[in-house]
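Morning, everyone. Here is the model I'd like to walk you through today. Please look at the screen.

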Amino acid sequence: MAGIKNRNVTRRTLLKIGGAISAAPFVGFPAPGVLAQGQTKSPTKVLDFMTNADVAKAEQEGQLVFYCHENEPGTAGIVEGFHKDFPKINTSYVRAQTGALYNKILSERSAGRFDVDVIQLSDLAPAVDFQKKGGYEQYVSPESPAYKAEHLSSPVGSFFWTGVDPAGIAYNKAKVTPSEAPKTWQDILNPRWKGVISCKISASGLQFVQWYALRKLYGPGFWKEFAKQNPHAFDSRVQLFDRLAKGDDKITAIGEYPAYILFKEKGANVEFVAPPDGLVATPLIVGAVSKAPHPEAAKLFVDWAMSKRGQAWYQTNPNLYYGSVRTDAPPMPTGVRLSEFKLLYPADWDDYANQRDVFSKEWNGMLGL
Amino acid sequence: MTVSTVESARTWFSAQKIAGYGVAAVAAVFVLYPVYFLLQAAFDVGDPQVRPPTAYGLDNFSGLFQFPQILLNTLNVSLAATVMALVFGFVMAWILARTNVPGRRLFEQLMAVPYYLTPLLGALAWSLLGSPESGFINQIWRALGGHDHLIDINTGYGIAWVMALFEGSVAFVMIAAVMKSMDPSLEEASQVIGASRLRTMLRITLPLVVPGVLGAAIFVFAEMLGSFAVALVLGLPNRYYVVTTAIYQLVQQYPPKIQTAAAMGVSLFAVMFVMLFLYRRIVMAGSYVTITGKAFRPRVADVGPLRYVLLGVCVFYVFVAVALPLATLLYASVQKIAVAFPTAGNWTLDNFRTAMSMNAVRSALGNSLLLGFGTATIGVVLMGLLAWLIYRSRLPASGVMEYVVMFPQAVPRLVFAFGMMWAWVVFPIPIYGTLWLLLIAYITVFLPLGVRTIAGVMLQIDKSLEECAQMCGASWAFRVRTVTVPLLVPGLVAAWLLLFIASVRELGASILLMGPHSKVITPSIVESWFGTSSELTATLALIQTLVVAIAMIVLVAVTRRVGAQPVD
């Protein structure tokens with residue numbers, strides 16, 4: 001079982017971060033003007049958070065282009081929160097699943113197009129790849145100390161975890177009694193769920209994490225057995241719960257907690273199960289993009305998203321309900337703190353990233369693609 | 001410089017030639033430039049991350065045999081949908097063109113409505129109606145004591161049914177045109193010598209319209225092969241992939257399987273090209289013995305009391321293709337979770353509030369209308385000139401231009417969009433991600449539609465009118481302005497409206513080419529279907545339909561007023 005180590009932000013951690021920042025120009029990163037500015041210029045307070053961005057300049061830029069894996073209302077919700085706080089900065093966005101979005105930004109950059117300021121992905125593997133390609137702007141936010149080192153890029157400054165999306169099993173209470181409902185991850189392999197179970201498509205970052213984590217726990221045969229269930233696969237968590245609420249599927253093998261909260265509020269007859277081995281979880285990765293057309297707005301957005309204010313927005317917006325990894329984050333709308341869940345992350349992120357092709361092939365094959 | 005040299009240069013640089021070659025060059029660049037990139041990707045067997053390709057080969061095509069089920073599904077759905085669309089189209093065309101069914105004119109107008117509503121709207125509505133568990137029809141069925149489900153729309157035949165309902169109107173238009181040009185004396189002669197109505201229809205009417213029906217069959221089959229929206233909405237829940245939806249899925253994942261997708265696209269294009277080549281051969285063969293020098297007036301047959309049964313058939317078609325889908329979407333849009341028997345607490349207007357707060361409605365709808373206006377206006381000028389160049393000018397290579405212009409008809413729009421994405425992302429002028437790219441895309445993919453519509457009218461105008469003006473010493477530009485264009489006005493107005501509607505409802509090309517500042521409505525509805533609830537998606541589809549309907553009413557009123565102006 002893979003868990004995350006509970007490390008506090010210590011003086012040593014901060015020194016490590018500082019060391020990494022200083023070393024950055026010597027390990028292949030482009031000499032970041034922004035970084036230099038971050039070191040020399042003291043942060044300023046705007047609203048109730050700290051920023052190294054020049055707010056007046058950001059407002060003069062007047063625009064922020066955001067690429068996001070989140071569904072349409074979720075993406076609209078994120079930029080709406082920022083725009084409310086900074087009404088002089090207009091926002092626009094493109095949303096697509098992480099795979100498609102990453103492909104899009106790579107194609108654009110290979111053709112010399114730099115149209116995006118900030119990108120949010122639901123999978124650490126492409127984020128690390130993007131970092132290696134020099135895709136992120138090196139910007140160390142003054143809000144960084146509120147995050148544990150494992151929730152920041154290494155070296156710090158490329159991206160951070162703006163939230164976590166945990167998933168367990170969910171079922172329709174009208175179709176499945178609590179005694180029949182699956183209790184463990186292995187229970188989703190019960191033949192009674194054949195043809196009435198759902199999952200996500202291979203473009204989903206969370207689905208990749210689930211495949212990796214449960215494969216590590218239960219061996220490669222787990223997903224081969226799962227393939228016999230003829231699962232229905234969908235793009236987003238809302239589609240999964242939409243079908244679950246209507247009884248099109250009786251259970252979902254990847255019931256995301258934020259969608260569960262949303263549908264409970266809508267009055268859907270659904271229930272959430274947290275298997276004892278833990279909830280699979282994917283980080284939601286935000287970073288400012290290098291050569292951004294609106295660099296100050298991009299930095300301001302990163303600071304806003306990292307701040308208590310931004311995190312509260314992410315955590316309480318009905319179309320997001322992300323669990324915050326900020327060390328001082330309040331509980332989620334259900335009253336539960338993210339730290340109260342046992343979360344399953346890949347223990348070795350490099351090995352995880354290397355398994356992407358294996359996953360895509362197996363998952364696509366299972367879905368008939 | 002001698003006088004003869006000046007004359008020769010004047011001939012060479014005449015306005016006619018400059019306009020002709022200029023327009024031809026623009027059209028050729030629009031069409032062939034993206035196709036080059038598409039072919040490049042299909043034959044690229046090197047590192048997919050490296051462009052331009054490092055190695056070429058046929059591996060991507062041989063790899064397609066790993067997807068036999070997808071190829072089989074595509075064939076099954078296309079064949080089934082074509083057969084159904086032809087049955088709908090033939091029956092409706094026969095009823096409305098050849099019988100005295102009540103309300104013929106009204107139903108003829110209503111037959112065009114499914115085309116305006118779009119297959120996407122139909123798919124969303126039928127998904128709510130016919131899903132095995134939550135479909136309204138199946139819920140009612142179980143409430144009445146039935147077991148399991150009555151219909152399952154998430155199957156190949158379900159997909160074919162919805163595609164046929166909405167392509168049925170295209171088949172209707174094509175078959176009705178043939179039926180209307182048929183001399184009724186042939187049928188009358190059959191009945192005079194004692195044949196029953198059914199026997200007359202089977203032995204006289206049917207054989208006479210066979211070439212037209214065959215042409216329609218091939219055209220509709222080619223359309224079905226490239227169909228995307230219905231298979232996406234109804235096929236995905238049951239893992240039922242056709243080539244277009246498989247292509248979409250392959251390029252959406254990480255790492256994207258672009259080379260495989262491109263090879264699939266090129267293969268589909270090859271099949272569609274053969275189909276459309278056959279269609280053109282059948283149409284050009286002109287074996288219609290129904291159009292003769294003998295004057296006749298199309299006359300309808302008195303079918304007696306049977307006309308009320310036929311009226312029922314018409315009402316049923318309009319009900320399942322228009323009224324039922326719209327009513328279903330409206331019903332779903334005012335519920336929190338769409339069910340057949342909602343409780344009092346389930347009713348809500350929140351979906352409309354959310355929809356109005358989303359980019360999809362705020363800016364996408366405006367962009368769509370703007371693009372529709374731009375595509376129609378620029379398209380009519382460009383396509384009018386192209387139609388003139390191909391069918392009226394004596395410029396060399398006009399025959400080749402016809403093939404170039406009709407090329408996009410053979411390429412599924414989703415596939416064409418790949419080529420466009422790669423082509424325009426490397427283009428030195430920064431139009432990628434802007435509305436300009438969508439404008440170019442729309443003009444390109446709708447070239448066949450616009451040119452064919454305008455050519456249809458242009459070919460009816462006697463050349464001698466232009467020649468007469470020429471004899472009187474009018475220049476080419478003056479002749480076009482004072483003779484050709486005024487005579488073409490009805491055709492140009494029809495083409496304008498067609499292009500406007502086609503642009504506003506466009507999905508296949510737009511879904512890959514939208515940028516953060518160039519969102520358009522139909523792909524936004526699909527995105528909403530992917531990422532939000534079916535109730536919100538139903539709301540968006542309704543809003544789109546309403547706005548387009550209002551725009552159409554205004555535009556038709558304006559064009560009627562313009563059309564009523566006397567021509568000098």
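Start with helix H24 of chain B, residues 476-504. It has 29 residues, but its end C-alpha atoms are only 34 Å apart. A straight helix would reach 42 Å at 1.5 Å a residue; that expected span is 1.5 Å times one less than the number of residues. Helices here are DSSP runs of H or I, at least four residues, and strands are runs of E, at least two, numbered from the N terminus.

Where does H24(B) bend? At Val489(B), by about 60°, and a proline, Pro490(B), follows within four residues. The bend is the angle between axes fitted to the seven residues ending there and the seven starting there.

A word on the source. This is a predicted model: local features need pLDDT of at least 70, side-chain atom pairs count only at pLDDT 80 or more, and totals for chains, interfaces and linings use all residues. Residues are numbered from 1 along each chain as its sequence is written, while chains are lettered from A and ligands numbered from 1 in the order written.

Now the chain pair. 43 residues of chain A are in contact with 37 residues of chain B. Contact means C-beta atoms, placed from the backbone, within 7 Å. On the chain A side, H5(A) gives the most, with eight residues. Other elements giving two or more include helix H4 (72-85) and strand S4 (90-95) of chain A.

Last, the domains, whose bounds come from an automatic or database assignment. Chain A has domain 1 (11-164 + 282-332) and domain 2 (167-281 + 344-366). Their C-alpha centres lie 29 Å apart. Each domain puts 18 residues into the contact.

Terms used. Contact = placed C-beta atoms within 7 Å.
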